[in-house]
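Here are my notes on the model you sent over.

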Amino acid sequence: MTPAQLSRTIRQALPHVLPDGPDGEVVARFVGEGAAGDAALFGGVRVVVESPPRRGAGDYATGVAFQVAAACGRPAREVAQLLCARLEGDVDAVGGAEVVGGGFVNVTLTNDARVALLRALTGSGPTEPAVLAGTAPTGNADSTAGTAAPTATAGRRTPPGSGTPPGSGTPSGSGTPPTAPADDEAPPTAPTDVPARDIPRWAAAIGEDPAVLAVRTERASSLFRVQYAHARVCSLLRNGRRLGLRPEAESAVPLDAAGARLLALLADRARITAAGPLARHLDAVAQAFAAFHDVCPPLPRGGEKPGAAHRGRLALAEATGAVLAGGLSQLGVSAPAHL
């Protein structure tokens, strides 16, 4: 269940939870046709469903009870409690709903719903399977399929397969830099990035100083964080294949807090279309993926044997790659498989 789908579900439930019931005067004044998705309207009320603004229980959060309470003159917490009861009792995809604060509703999906969401996210992005598998669209051999995982340095992570300084934009094992496409060409998922083109486009979207974005570290540059996260996903999938590990959505559940936070952000992507908010959201996804990766490594470490948990974590990584690639492509920025 995506935020847009839950938004529609909540709108359908609202007439049944208001104090006056489905046929009362209050409902008659506020029921409307509304718009689709997370902008669905209950009369003049927007049913906005998003990733919880603060970490805690729940995959999604909504503050619609405050608006409905103001419209019908009842306490927001009362409306929220009634809404929670309705969602838990009648919506199969909802595993739990609780009132937070004065009337916010946090919704937790069932494991089956999370698996279905993960599958949908993986299949929704324009990420090219050949690139995620480590093969450049041009047909070049993947020279870094056997490289080690990225290593951390002060303020920066060195990307896997990086045989040149982070700012070079040259694929490892290649003697020539990639050819930049025309300025009006929106780059697809590509073997490497093109900083001379990507930095101005990202800067225009997010409103950051291009000179700051040119400092190619995770700490300094939001663009580098996002592109590096995508490249790291590609590396994980390549190296997973070498170990005989394939992404498996069914093995991703149950999710720990870091995984649930990442999945909620991935699902929230669909409602964000404006360039600035999209760039900031991709940065949030990249940071959530880094936190997930550190707590739940998708690949075995040391003498650890590959198992179902790794296949599930790779599925979440694959979904992250698809979302990042789709967002970067929308902004006209490269989604590199190598950095």
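**Notes on the helix packing**

1. Let's start with H10 and H11: H10 passes H11 in a left-handed crossing. Bear in mind throughout that this is a predicted model. The axes of H10 (residues 257-268) and H11 come within 9 Å and cross at roughly 160 degrees. That angle makes H10 roughly antiparallel to H11, since anything over 145 degrees falls in that class.

2. Who makes that contact? On the H10 side you'll find Ala258, Gly259, Leu262, Leu265, Leu266 and Asp268, and on the H11 side His281, Ala284, Val285, Ala288, Phe289 and Phe292. Sorted by class, the contact of H10 with H11 comes out as nine nonpolar, two polar and one charged residues.

3. H10 itself is mostly covered, with 10 of its 12 residues buried. The buried set is Ala258, Gly259, Ala260, Leu262, Leu263, Ala264, Leu265, Leu266, Ala267 and Asp268. The length of H10 agrees with expectation, because 12 residues at 1.5 Å a residue should span 16 Å and the end C-alpha atoms are 17 Å apart.

4. Proline 254 sits in the loop between helix H9 (222-242) and H10. The peptide bond joining valine 253 and proline 254 is cis, with omega about 0 degrees.

5. Now the other partner of H11. The axes of H11 (residues 275-295) and H12 (residues 308-330) come within 10 Å, crossing at roughly 160 degrees. That makes H11 roughly antiparallel to H12, and H11 passes H12 in a left-handed crossing.

6. In this second contact, H11 puts in Leu278, Leu282, Val285, Phe289 and Phe292. They meet Arg313, Leu316, Ala317, Thr320, Val323, Leu324, Gly327, Leu328 and Gln330 from H12. The residues of the contact of H11 with H12 divide into 10 nonpolar, three polar and one charged. As for spacing, an α-helix has 3.6 residues a turn, so residues three or four places apart point the same way.

7. Is leucine 282 buried or exposed? With 0% relative accessibility, leucine 282 counts as buried. Leaving out residues up to four places away in sequence, leucine 282 touches Trp202, Val226, Val323, Leu324, Gly327, Leu328 and Leu331. Among these, Val323, Leu324, Gly327 and Leu328 belong to the H12 side of the H11 contact. Leucine 282 and leucine 266 are 16 residues apart in sequence, and their C-alpha atoms are 8.9 Å apart in space.

8. A quick check on H12: this helix has 23 residues and reaches 33 Å from its first C-alpha to its last, close to the 33 Å expected at 1.5 Å a residue. Glycine 332 follows H12 and has a positive phi, near 75 degrees.

9. Over at the other end of the sequence, the axes of H1 (residues 3-17) and H4 come within 10 Å and cross at roughly 120 degrees. The crossing of H1 and H4 is right-handed. The contact pairs Thr9, Ile10, Ala13, Leu14, His16 and Val17 of H1 with Leu82, Leu83, Arg86 and Leu87 of H4. By class, the contact of H1 with H4 has seven nonpolar, two polar and one charged residues.

10. More on H1: its 15 residues reach 20 Å from first C-alpha to last, close to the 21 Å expected at 1.5 Å a residue. The buried residues of H1 are Pro3, Leu6, Ser7, Thr9, Ile10, Arg11, Ala13, Leu14, Pro15 and Val17.

11. Aspartate 92 is worth a click as well, in the loop between helix H4 (76-90) and strand E4 (94-100). At 73% relative accessibility, aspartate 92 counts as exposed. The C-alpha atoms of aspartate 92 and leucine 109 are separated by 8.9 Å, and the two residues are 17 residues apart along the chain.

12. Finally, the whole chain. The secondary structure comes to 12 helices and nine strands. Buried residues make up 51% of the 339 residues in the protein chain. Of the contacts between residues at least 6 apart in sequence, 66% join residues at least 24 apart.

Conventions. Residues numbered from 1 in each chain as written. Predicted model: local features only at pLDDT ≥ 70, side-chain atom pairs only at ≥ 80, totals over all residues. Heavy atoms only, no water. Axes fitted to C-alpha atoms, helices over the stretch in contact; angles between N-to-C directions. Helix = DSSP H or I, 4+ residues; strand = E, 2+ residues; numbered from the N terminus. Parallel < 35°, antiparallel > 145°, perpendicular 65-115°, else oblique. Left-handed = near helix turned anticlockwise from the far one by under 90°. Contact = heavy atoms within 4.5 Å. Nonpolar A, V, L, I, M, F, W, Y, C, P; charged D, E, K, R; others polar. Expected span 1.5 Å × (residues − 1). Buried < 20%, exposed > 50% of the residue type's maximum accessible area, 1.4 Å probe, protein only.
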